[in-house]
Amino acid sequence: MRTPLDRIRHALSFEVLALLIVVPLGAALFEMPMQDIGVVSAASAVIAVLWNMVYNHAFDLGLRRLTGTTLKRPLARIVHAVLFELGLLVVLMPLFAWYLGVTLWQALVMDVSLAAFYMTYALAFNWAYDRLFPLPEWSAPPTPR
């Protein structure tokens, strides 16, 4: 399992890189001021960092219980990304509607668009992160359960 400091490094690096991509892209795509998209994105990032740390720990515990390891195969990575984004959708959609002054439907469209980006981004980022910072258990032979 990853250490708390490693989880913090993971969550913060994930969100900072994402903000550098999503703020200008979101402002252009939704034709809204970059400042408004920036505020919503920054608030979303703080919420996502907290959710990221809790969710990833819980997912790893569940994965280890089910498979005996925290090593994520491609299907587990896809499930991981989809469930993470669904959890965020529930929290972020009302925030988008309120701050940006849009309807819940518009907020849903925006949130789903961003979720599609973030699912792809999360898949790529987490795969790269695991290659840059592998856990020792992944190179050891599996222990019998």
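Is W105 buried or exposed? In this predicted model, W105 has a relative accessibility of 62%. The cut-off for an exposed residue is over 50%, so W105 counts as exposed. The residue sits in helix α4. In sequence, W105 and P4 lie 101 residues apart. In space, 37 Å separates the C-alpha atoms of W105 and P4.

The protein as a whole contains four helices and zero strands. Read from the N terminus, the order of elements is α-α-α-α. Along the principal axes, the C-alpha atoms occupy a box of roughly 55 × 25 × 25 Å.

Helix α4, which carries W105, spans residues 104-132. Helix α3 covers residues 74-100. The axes of α3 and α4 approach to within 8 Å. Their crossing angle is roughly 145°, and the crossing of α3 past α4 is right-handed. Nonpolar residues number 23 in this contact. Two polar and four charged residues complete the set.

Of its 145 residues, 38% are buried. Among contacts with a separation of 6 or more, 68% join residues 24 or more positions apart. The accessible surface of the protein amounts to about 8,700 Å². Carbon and sulfur atoms contribute 75% of that surface.

Terms used
Residues are numbered from 1 along each chain as its sequence is written. This is a predicted model: local features need pLDDT of at least 70, side-chain atom pairs count only at pLDDT 80 or more; totals for chains, interfaces and linings use all residues. Side-chain values use heavy atoms; hydrogens and water are left out. Axes are lines fitted to C-alpha atoms, for helices over the stretch in contact, and angles run from 0 to 180 degrees between N-to-C directions. Helices (H or I, at least four residues) and strands (E, at least two) are DSSP runs, numbered from the N terminus. A crossing is left-handed if the near helix is turned anticlockwise from the far one by less than a right angle, and right-handed if clockwise. Ala, Val, Leu, Ile, Met, Phe, Trp, Tyr, Cys and Pro count as nonpolar, Asp, Glu, Lys and Arg as charged, and the others, Gly among them, as polar. Buried means under 20% relative accessible area, exposed over 50%, partly exposed in between (1.4 Å probe, protein chains only). Contact means heavy atoms within 4.5 Å. Accessible areas come from the Shrake-Rupley method with a 1.4 Å probe; for residues, only the protein chains shown count as cover.
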